[in-house]
Amino acid sequence: MRRITKKLLKCLFGLIFIGLYCEYFIYYVVVAQCYWPAIESNAENSEILKAFILADTHLLGPYRGHWFDKLRREWQMHQAFQAIINVHNPDVVFILGDLFDEGEWTDEKQFEDYVVRFYNLFAVPNDTKMYVAVGNHDVGFHNRIRRGSLQRFVKLLKSPSVQHIYLKGSHFVLLNSMAMQGDSCRLCTGARNSIEKISGQLKCAREPGGALCKDVDRNFTYSQPILMQHFPLYRLSDAECTEPDAPPLPERNKLFRIKIDALSKEATEYLAEKIQPRVAFGGHTHHGCLQEHSYNSIKFEEHSVPSFSWRNRPDPKYMLVTIAPDSYAENKCGLPKETTIIMTGAIMTLLLIIYMFKERRIGRGIF
Ligand SMILES: [Zn+2]
C-alpha cells in the first residue's frame, strides 16, 4: 500500500512538473536564447537604451472568439511578456498598436475593462517605461473612428496622436497612423501641426544658430529620431519582404489598399522630410518585413514587427533593440510555437510513463 502511494506521488509530481514546464518555464527557456545586440558607438554607457518592441497583441473583447481561445492567448502572452521583462530587463517597452481586437466596437465600460486587463497582462516594473501607439482595431480606421473612441484611448492609454519621446539622448516619434490620411479633418490637422512643431525643435537642436530658433523651447541634444507607428510606411505589397517570417505566398504579392494597409506615398514622403528618421518600426501586417526607404537624400530602414499573439501566427515574435544616439542594432526574437509546446508536453509525459513502468519492473525484481 505504501509503495503504491509513493508511486502515485511520484507520478503526480512528474505531471505537475510537466504542466509547470510547458505553461511557465518554457517561455523563460526560449526567451533566454535571445539577447541584446551589440552596437558600435561612441556614446557613454549611460546613453545606451534597451528597447523591447512588440505589436498587434489583439486582446479579444466581448464579441469575437471562444472564451477558451481568449483565456489561452492571454495566458500565453502574459507569460511570454513577463519572461521577457524578467530575463532581458528593458529600459523601455513600445507596443505598436492593435492592443485590442475589438476596441472600436466596445462601449465605455467594456473599454475600461479592456484597459485594466491590458495593464494587468502587460505590467512593467516601476523603472521600465512603456509607450503605446494606437492601431485601427483600437479605435477604427480613419473614416470609421466613432466620437469619443480616440479620446478615451488617448486618455486611458496616455497615447496622444503624436508623441515625441526623448530617452538617454535618443529621440522617438510615435504616431497615430490614422491621423496620416492627409485630409483636412481635425485629427489630421492636429497631427500635422504637432509634427511641424517637433520638426522645428529637432532642426533647432541640430542647427542651434538658426534665425527661427531663438524662441523654440527644447531641452535636448540632437540625434536622428526613430519613427514608430502602427501602419507600415508606403509600399505596394509585401512582395519585397523575403525574411523567413514574411507573409507566405501568394499572400505576399497581394496589393495593399493604400491608407488602409500602409501609409500613402505623400504621407511617407512628408514624414521622411519632417522627421528624417534613422530607422522606422511598424506593425499591422502581423508578419516580418525589412524595407529600405530612400526619399531624396534621406535613407533609412523600416522593420515591420510580427504579431505578438498566437492567434495571429504560430510563431509570435518581438524585437530587442539596443539604441545609442549615434547607433542602433536590432534582434528579432521568436516565442515557442504551440506545436512545440504540445510536443514537449507529450514527450515528457511519455518519458514519465516509461520511467514509471521501468520502476515497476525493477520493483518486482527486487521484492
Ligand atoms: Zn492593424
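Strands S10 and S11 run antiparallel and are joined by eight bridges. Keep in mind that this is a predicted model. A hairpin takes the chain from S10 to S11 through two residues.

- Seven of the eight residues of S10 are buried, so the strand is largely enclosed by the rest of the structure.
- On the S11 side, Lys317 has Gly334 as its bridge partner, and Thr322 stands opposite Ala329.
- S10 also pairs with strand S1 (residues 49-54): five bridges join them, and the two run antiparallel.
- As a reminder, strands of a sheet pair through backbone hydrogen bonds, either parallel or antiparallel.

**The five-stranded sheet**
- What is the order of the strands in this open sheet? Reading across, it goes S3-S2-S1-S10-S11, and the pairing is mixed.
- Strand S3 (129-133) and strand S11 (327-334) sit at the edges, each pairing on one side only.
- From one strand to the next, the twist averages 20°.

**The largest nonpolar core**
- This core has 71 residues, and Ile53, Leu96 and Met228 are those with the most contacts inside it.
- Why does the core lie between domain 1 and domain 2? Domain 1 (1-31 + 338-367) and domain 2 (32-336) both give residues to it, so the core lies between them.
- Which residues does Met228 touch? Leaving out residues up to four places away in sequence, they are Phe94, Leu96, Ala133, Phe172, Leu174 and Phe281.
- One of those, Leu96, is itself listed with Met228 among the residues with the most contacts inside the core.

**The six-stranded sheet**
- Another open sheet has six strands in the order S4-S5-S6-S7-S9-S8, again with mixed pairing.
- Its edges are strand S4 (162-167) and strand S8 (289-295), each of which pairs on one side only.
- Neighbouring strands here are turned against each other by 20° on average, ignoring direction.
- At the S4 end, six bridges join S4 to strand S5 (residues 170-175), and these two run antiparallel.
- Val162 has Leu175 in S5 as its bridge partner.

**Helices lying across that sheet**
- Helix H6 (residues 186-206) lies across S4 and S5, and runs at about 25° to S4.
- Helix H7 (residues 265-275) lies across S5, strand S6 (226-228), S8 and strand S9 (298-304).
- H7 runs at about 70° to S8.

**Helix H5, a helix with two sides**
- Which residues of helix H5 (residues 149-156) are buried? They are Ser149, Leu150 and Phe153.
- Looking down the axis of H5, these buried residues fall within an arc of 100°, so they line one face of the helix.
- The buried residues of H5 pack against helix H4 (136-139).
- Gln151 and Lys155 are exposed, and they sit on the face of H5 turned away from its buried side.
- Just past the end of H5, Lys158 takes a positive phi of about 50°.

Technical notes
Residues numbered from 1 in each chain as written. Predicted model: local features only at pLDDT ≥ 70, side-chain atom pairs only at ≥ 80, totals over all residues. Core = buried A, V, L, I, M, F, W, Y, C linked by C-beta atoms within 7 Å. Buried ≥ 20, exposed ≤ 12 C-beta atoms within 10 Å, placed from the backbone. Domains from an automatic or database assignment. Contact = placed C-beta atoms within 7 Å. Pairing = 2+ DSSP bridges. Helix = DSSP H or I, 4+ residues; strand = E, 2+ residues; numbered from the N terminus. Axes fitted to C-alpha atoms, helices over the stretch in contact; angles between N-to-C directions. Arc of directions from axis to C-beta.
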